[in-house]
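This briefing goes with a predicted model. Please keep the sequence and the structure in view while reading.

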Amino acid sequence: MPIARPAAPVRLDAIELRVLHLPLVSPFTTSFGTETVREVIVVRVRTADGDGWGEIVTQQSPLYSSEYTQGAWDVAQRFLAPALLDAAAHALAPEEVAGVLEPFVGHRMVKAGLELAVLDAALRAESRALGEYLGAVVDRIPSGVSVGIQRDPSALVDAVGGYLDEGYVRIKIKIKPGRDIADTAAVRDAFGPIALQVDANSAYTLADADTLAELDRFDLLLIEQPLQEDDIVDHAQLAARLRTPICLDESIVSAKAARDALALRAAAIINIKAGRVGGYLEAVRIHDLCREAGIPVWCGGMLETGIGRAANAALAALPGFTLTGDVSASDRFYSRDIVRDPIVLDGGHVRVPTGAGIGVEIDPVALEDATVARVELRR
Ligand code: OSB
Ligand code: MG
């Protein structure tokens with residue numbers, strides 16, 4: 001359902017942007033590369049009624065998407081934040097942010113981070129929780145974990161075993177050509193009928209359909225984004241050759257892209273990430289249209305800090321999120337988060353925050369320690 005009760009407008013006095021470097025507890029490897037330090041941008045909007053926080057989930061290099069942190073840093077300061085400050089000369093409702101930023105093509109992760117900060121400020125001013133605002137129907141959600149490519153299949157089994165011991169209820173392993181069948185077989189053989197899915201991050205082409213069809217024998221929940229971002233028709237052709245359901249991630253950059261992918265039968269399941277689609281409000285629209293179409297969705301992740309993770313937990317509490325998402329605990333990636341009350345795993349679940357706004361408080365010392373660049377733009 002669309003947002004039931006909009007938030008009151010806020011007047012923006014300033015927007016602070018910071019680039020953070022947060023060391024990961026272990027390297028995270030996907031088909032597109034390895035990350036050891038999370039480089040991310042945190043947004044603080046300043047209003048007469050208090051601050052609001054958001055996160056721009058770009059990565060250091062444009063490998064998952066065309067967006068990347070230094071590009072985001074530039075476009076946010078040069079165009080998007082000034083446009084928002086101009087528009088907010090009187091007051092701006094969170095629901096109006098996307099419209100103000102719409103003339104600028106792309107840069108959805110930047111738009112999402114700015115929108116979240118305005119949304120957080122507006123909801124904090126009203127003492128409303130983001131979950132309640134978005135339409136959450138549960139107070140805790142099951143937690144899955146995304147496991148990177150390891151040195152070899154036996155190291156992967158060790159890593160997966162550790163997460164199962166911690167209580168994660170669904171495992172996703174990253175695959176790439178040459179590290180697909182044997183890795184998946186090793187995990188299936190070691191752990192039997194666990195809830196298991198794979199993510200290729202666009203590493204294959206339709207010419208690999210026979211290899212991908214070999215994955216059918218592992219009874220996977222889904223295969224995520226086997227082909228490239230714009231391979232919508234190819235995904236539809238691949239789907240006709242696989243028993244394993246295809247889930248799209250990179251391809252779904254908007255509600256329009258989601259509608260088109262469903263019309264073309266390119267996806268049976270959709271991974272929703274607010275950053276990738278330009279914000280939590282667009283994410284809710286995708287949720288709504290998938291629910292209408294009977295398409296299951298789940299909440300993906302971008303190695304968010306405690307800011308984005310709290311917001312993801314709120315989103316994943318909507319009724320159409322019928323599959324377990326990548327909303328893992330803070331300590332899966334970080335030994336020190338930038339929020340005071342980071343997400344923890346409790347019986348395989350994480351709690352949906354109930355405090356005002358995103359429902360977590362920033363740890364100012366941890367934030368400062370992680371900051372490598374800071375700028376403040378004023379109206
Ligand atoms: O494809 O889902 C992905 C992380 C960065 C970029 C893309 C992806 C991922 C993950 C991690 O799989 C999910 C998480 O944040 O836990
Ligand atoms: Mg993915």
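The model is predicted. The magnesium ion (ligand 2) has Asp-199, Glu-224 and Asp-249 as its protein donors. Helix α1 is kinked, and Asn-201 and Leu-303 have positive phi values.

**Metal site**
- The donor atoms are OD of Asp-199, OE of Glu-224 and OD of Asp-249, at 2.1 to 2.3 Å from the magnesium ion (ligand 2).
- Along the chain, these donors of the magnesium ion (ligand 2) have the spacing D-x24-E-x24-D.
- Asp-199 sits in strand β7 (residues 196-199), while Asp-249 is in the loop between β9 (246-248) and α9 (255-263). The pair is 50 residues apart and links distant parts of the chain.
- Both Asp-199 and Asp-249 are buried.

**Helix α1**
- Helix α1 spans residues 69-87 and has a kink of about 55 degrees centred on Ala-76.
- Ala-76 is itself one of the buried residues of α1. Others among them are Trp-73, Val-75, Leu-80, Leu-84 and Leu-85.
- The cover over the buried residues of α1 includes the strands β1 (12-30), β2 (33-47), β3 (50-56) and β13 (371-378). It also includes the helices α2 (94-101) and α3 (108-125).

**Annotated span**
- An unreviewed UniProt entry places the feature "domain: Mandelate racemase/muconate lactonizing enzyme C-terminal" at residues 153-245.
- In the model, residues 153-245 are 44% helix and 12% strand, and the end C-alpha atoms of the span lie 24 Å apart.

**Largest pocket**
- The volume of the largest pocket is about 330 Å³.
- The largest pocket is lined by 15 residues, of which Ala-98, Glu-102, Arg-108, Lys-111 and Val-277 are the closest to its centre.
- Helices α2, α3 and α11 (280-293) each give two or more residues to this lining.

- Most residues other than glycine have a negative phi.
- Asn-201 has a phi near 45 degrees and is found in the loop between β7 and α7 (209-214). Asn-201 counts as buried because its relative accessible area is 6%, against a cut-off of under 20%.
- Leu-303 has a phi of about 50 degrees and lies in the loop between β11 (297-299) and α12 (306-315). Leu-303 is buried, also with a relative accessible area of 6%.

Note on methods
Residues numbered from 1 in each chain as written. Chains lettered and ligands numbered in written order. Predicted model: local features only at pLDDT ≥ 70, side-chain atom pairs only at ≥ 80, totals over all residues. Heavy atoms only, no water. Donors = N, O, S within 2.8 Å, 3.2 Å for Na, K, Ca; no water. Helix = DSSP H or I, 4+ residues; strand = E, 2+ residues; numbered from the N terminus. Buried < 20%, exposed > 50% of the residue type's maximum accessible area, 1.4 Å probe, protein only. Bend = angle between axes of the 7 residues up to and from the residue. Contact = heavy atoms within 4.5 Å. UniProt positions renumbered as here; feature names shortened; annotations may be inferred. 1 Å grid on protein atoms, 1.4 Å probe; cavity = no way out; pocket = protein on both sides within 12 Å on 5 of 7 lines; lining within 4 Å. Points joined across faces, edges and corners; volume = space filled by probe spheres on them.
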